[in-house]
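Open the structure in your viewer and keep the selection tool at hand. This tour goes from stop to stop.

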Amino acid sequence: MFLNIFKNMVERSSKFLLIVVGSVCFMLILYQYVAPGVINFGSPHGYFTEEDEGDIFPTPDPHYVKKYYFPVRDLERTIDFQIKGEDVIVFLHIQKTGGTTFGRHLVQNVRLEVPCDCRPGQKKCTCYRPNRKETWLFSRFSTGWSCGLHADWTELTNCVPGVLNKKENKQKNQRKFYYITLLRDPVSRYLSEWRHVQRGATWKTSLHMCDGRTPTPEELPSCYEGSDWSGCTLQQFMDCPYNLANNRQVRMLADLSLVGCYNMSTVPEKKRAQLLLESAKKNLRDMAFFGLTEYQRKTQFLFERTFRLRFIRPFMQYNSTRAAGVDLDNVQRIEELNELDMELYDYAKDLFQQRYQYTRQQERRQHRQSLITEEAGSRLPTEDYMNQIINRW
């Protein structure tokens, strides 16, 4: 009697354990399908390791049609970034391109020997080199707006060396500066800036320093009276001829000294536009790295391969409608007002896609070569193999 009771209890316990184990396995499998690429149970901290990275980066589009020709020197971007040396990454942050998110990635999400010190309640982090108290990153969240609010290429290239010399109380000429930036679809960026201004943003503390001086009120008139332009309609935003939102990305990336800075009378309008566009393309092409807001994972991949730095958590892509709630006529008007930005973005997008494709191909080629080398090393030479057979025989 007792044995029968005991036997029944064992059978029930076994069934219960089987149900629990099966449920746990089912939940784990379900989670992997529902949320792939979010957490890796086999890696420390639940984040992706280098071995897992191939799962999170998209495959290059085999049907992509190239628009521009770029030589290998423009596609190859592998920098031996000396974080313990004198190298500095300089982030050129263009308004409403996703730069705030990317800037936080730089100070909070890069796997470093000595991570940036980011304390609650403080806007800036301390990003020192592993071997001494000097910064390796010049950006909003590390050094602040040291060259002015949203400083452009013209301002940064003239300002950064002196600012770092002053901050570190050292005169150094051997630093290497690696400029990086993000670009965004011009219509989406323009609408985002309008909505930001509508809420009260002004950026009126920007210096716009060029050739050693700031522009006069006549050279750069204001679009509004009072403290800000809050509540402005899209029509009002588009109607202001002095609005710096127009072709902002080209202006931010070009060498403004080539056209007399903000003095519009120096160079005829058409020639000025062409000079700015060509300068912006050249500077973008020569930068160590640039990313596109619309391609977060590809941006992460190219940054990691360029600087040989790895992010702890993968970038997230937040897609939104290009011009949600805006009628077609206004979209066309925005495209006209941002004609230079439209051409620059088309150029940048093609260069970006070609760099991504080239870098992925190079990685696959190296991987195949390493497999061939390993396989060749594991094989016994034919002579040794025959000797072993003879000896054993």
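## Stop 1: Aspartate 74

Select aspartate 74 and show what surrounds it. Setting aside neighbours within four places in sequence, aspartate 74 has contacts with Arg285, Leu351 and Arg355. This is a predicted model. Aspartate 74 sits in helix H2, residues 72–75. Is aspartate 74 buried or exposed? Its relative accessible area is 8%, so aspartate 74 is buried; the cut-off for buried is under 20%. The C-alpha atoms of aspartate 74 and alanine 288 are 9.9 Å apart, although 214 residues separate the two along the chain.

## Stop 2: The sheet

Switch to a cartoon view. Look for an open sheet of four strands, in the order E4-E1-E5-E6, with parallel pairing. Which strands stand at the edges? They are E4 (137–138) and E6 (289–292). Each has a single partner strand, so one side of each lacks a neighbour in the sheet.

Start at the E4 end. Select strand E1, residues 87–92, together with E4: the two pair in the parallel sense over two bridges. Here isoleucine 89 lies opposite leucine 137 of E4.

Go to the other end. Strand E5, residues 176–183, pairs with E6 in the parallel sense, over four bridges. Pick threonine 181 there: its bridge partner in E6 is phenylalanine 290.

Stay on E6 and show its side chains. What covers the picture here is burial on both faces of E6. Phe289 and Gly291 are buried on one side. Phe290 and Leu292 are buried on the other.

## Stop 3: The loop between H5 and H6

Find helix H5 (186–198) and helix H6 (234–239), then select histidine 208 in the loop between them. Check its backbone angles. The phi of histidine 208 is near 55 degrees, a positive value in a residue other than glycine. Most residues other than glycine have a negative phi. Histidine 208 counts as buried, because its relative accessibility is 13%.

Next, select aspartate 211. Where is aspartate 211 found? It too lies in the loop between H5 and H6. Aspartate 211 is not a glycine either, yet its phi is positive, at about 55 degrees. Aspartate 211 has 55% relative accessibility, so it counts as exposed. The cut-off for exposed is over 50%.

## Stop 4: The largest pocket

The largest pocket has a volume of about 860 Å³. How many residues line the largest pocket? The lining has 29 residues. To centre the view, select Pro241, Asn247, Met264, Glu269 and Arg272, the lining residues nearest the centre of the pocket.

Now colour the helices. Helix H7 (248–253), helix H8 (269–286), helix H10 (328–337) and helix H11 (339–378) each give at least two residues to the lining. Which helix gives the most to the lining? That is H8, with seven residues. Colour the lining by residue type as well: 15 of its residues are nonpolar, five are polar and nine are charged.

## Stop 5: Confidence

Finish by colouring the chain by pLDDT. The average for the protein is 87, and 81% of the residues score at least 70. Then select residues 29–54. Over this stretch pLDDT stays under 50. The model has 29 contacts beyond four places in sequence for these residues.

Conventions
Residues numbered from 1 in each chain as written. Predicted model: local features only at pLDDT ≥ 70, side-chain atom pairs only at ≥ 80, totals over all residues. Heavy atoms only, no water. pLDDT = per-residue confidence, 0-100. Contact = heavy atoms within 4.5 Å. Pairing = 2+ DSSP bridges. Buried < 20%, exposed > 50% of the residue type's maximum accessible area, 1.4 Å probe, protein only. 1 Å grid on protein atoms, 1.4 Å probe; cavity = no way out; pocket = protein on both sides within 12 Å on 5 of 7 lines; lining within 4 Å. Points joined across faces, edges and corners; volume = space filled by probe spheres on them. Nonpolar A, V, L, I, M, F, W, Y, C, P; charged D, E, K, R; others polar.
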